[in-house]
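Have the structure open as we go.

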Amino acid sequence: MDGLMKKWIWGVAGAALIGAGLGACWYTGNEFDRQLAEQIVKLREQSGIELQWQQGRSDLWHRDGEARLIIGPDALAQLDGELSHGEPIVLAFKVEGVILPLYVKSQLLLDTEQGSLAPLLASQGLKEWRLELASLTNLLTQGNQSKLNIGAFSLKHEQGKMTFEPLQADYSGDLVGNGHMTLNWAGMSLHETQGGADMMLADLNGSAELRDVDGSWLSPQSAMTLASFSLQQPQEGINVSLQRLTSHSRLEGEDADTLSNRYQIQLAALDMANDTDSLALTDAKLDLEIKGLDLAGYQALQELSAQGNLDQQALLVALDQVLDRGLTLTLTDLSSRLNGEPASLAGQLTLASTTLANLAGQEDGMKALSGFFKLSLSEGMGEAVPQLAPMLVQLQQLGYLKAQQNNLKAELKLQEGKLTVNELPL
């Protein structure tokens, strides 16, 4: 009897769990339908992009269908004003959705046989090319994990060839835009047939924290690494080669109304040459921090920068809002070796409360600025970089550069609208 009772209890518990799971799936499916309808309206109102959804299989466990993104002239104009007169761009996707209790697991795959890209892909033999987005979303908490994969492809034309290497982007956060994003791109190359020009970019990796603040996206932290870049233009005799560029930025609140923004950049090597000159920069560094940045003005500038057709009046208002509070710029390090010889600049610049109109004025504008910088150049710079030699000799003769311990040094002061170099008016 006890055994029968236990089986009955476990049976009831199992049925309850199954019922709860089925109920959660039913709720998730209905919530998916509701939120999809809301997002279609929201996307059209906020960006001008139309999303059309044609439902396929729809049951307790699935939400399959076809989606078409129609990017019309108004939305294209936000990218480039010249595109406002072009034809709408249509992208078609095949969608497979699996309904789980409170979760939707979905996969979007670009339909290469439909939409604006279809003729180009067919002509280039790229019908098997894959662009896919996989995601897992909790419709209750709005948590989201997504992975974008873009496969490699090559486009050939009588004018040249472009090769695009694989790209992968990952996002973990919520549907509003608060989260963490990473990007890994193997790179790309371009070849111009007529001029023989070549461009190559290899291994670009990046990451960023994203935060939605009053409807604006801010990035508290970001990082980027580019392994190499090269450009050869034989007809112009130009050769550029870059090795390992890294950057870091940090944006944080100082108080309720202001921000501080720090940028750090390092460059292992940059070689530039033409038919007559060459210049090699090695061990280049930049460490720059801006403090006292007006939060509201910064947010307004961020919003404007995302627009294709820039509202000039709104831009002036946002700039005045930033300038009204003033700010301080600290250049901790700007240094490099030029053809092997070291050069560095460091100091601080303060901008007092002002307006754009005052800043544009010759005397009043300069009075809002004050600062002090130290410049140091190797005494062998003129020999290492011959194109700079005449200017360096002239600056020494004028007293703007002073020889000290195998270096050429200068102290720059800006005060009360007057700029001096080594105490000499400029």
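A: Strand 2 (63–71) and strand 3 (89–100) each give at least two residues to the lining of the largest cavity. Keep in mind that this is a predicted model.

Q: Which residues line the largest cavity?

A: A cavity is a space where a probe fits but cannot get out. Here the lining is E66, A67, R68, A92, F93, K94, D111 and Q114. By class, that makes three nonpolar, one polar and four charged residues.

Q: What volume does the largest cavity have?

A: About 30 Å³. The count is one cavity of 30 Å³ or more.

Q: How do I read a pocket? What is the volume of the second largest pocket?

A: A pocket, unlike a cavity, is an open set of points. The second largest pocket has a volume of about 230 Å³. Of its 15 lining residues, L375, L377, M391, L395 and L401 are the closest to its centre.

Q: Which elements each supply at least two residues of that pocket's lining?

A: Strand 19 (369–378), helix 9 (389–398) and strand 21 (407–415) do. Helix 9 gives the largest share, three residues.

Q: How many residues in the lining of the second largest pocket are nonpolar, polar or charged?

A: The lining has 15 nonpolar residues, with no polar and no charged ones.

Q: Now the surface. Which residues make the nonpolar patch of about 290 Å²?

A: V98, L100, Y103 and L136 make this patch. Y103 sits in strand 4 (residues 103–110).

Q: Why is Y103 called partly exposed?

A: Partly exposed lies between under 20% (buried) and over 50% (exposed). Y103 has a relative accessible area of 35%, so Y103 is partly exposed.

Terms used
Residues are numbered from 1 along each chain as its sequence is written. This is a predicted model: local features need pLDDT of at least 70, side-chain atom pairs count only at pLDDT 80 or more; totals for chains, interfaces and linings use all residues. Side-chain values use heavy atoms; hydrogens and water are left out. On a 1 Å grid over the protein atoms alone, a cavity is a set of points where a 1.4 Å probe fits but cannot get out, and a pocket is an open set with protein on both sides within 12 Å along at least five of seven lines; lining residues have an atom within 4 Å of a point. Grid points are joined across faces, edges and corners, and a volume is the space filled by probe spheres set on the points. Helices (H or I, at least four residues) and strands (E, at least two) are DSSP runs, numbered from the N terminus. Ala, Val, Leu, Ile, Met, Phe, Trp, Tyr, Cys and Pro count as nonpolar, Asp, Glu, Lys and Arg as charged, and the others, Gly among them, as polar. Patches are made of residues with over 30% relative accessible area and no salt bridge: like charges are joined within 9 Å, nonpolar side chains (Val, Leu, Ile, Met, Phe, Trp, Tyr) within 5 Å. Accessible areas come from the Shrake-Rupley method with a 1.4 Å probe; for residues, only the protein chains shown count as cover. A salt bridge is a side-chain nitrogen of Lys or Arg within 4 Å of a carboxyl oxygen of Asp or Glu. Buried means under 20% relative accessible area, exposed over 50%, partly exposed in between (1.4 Å probe, protein chains only).
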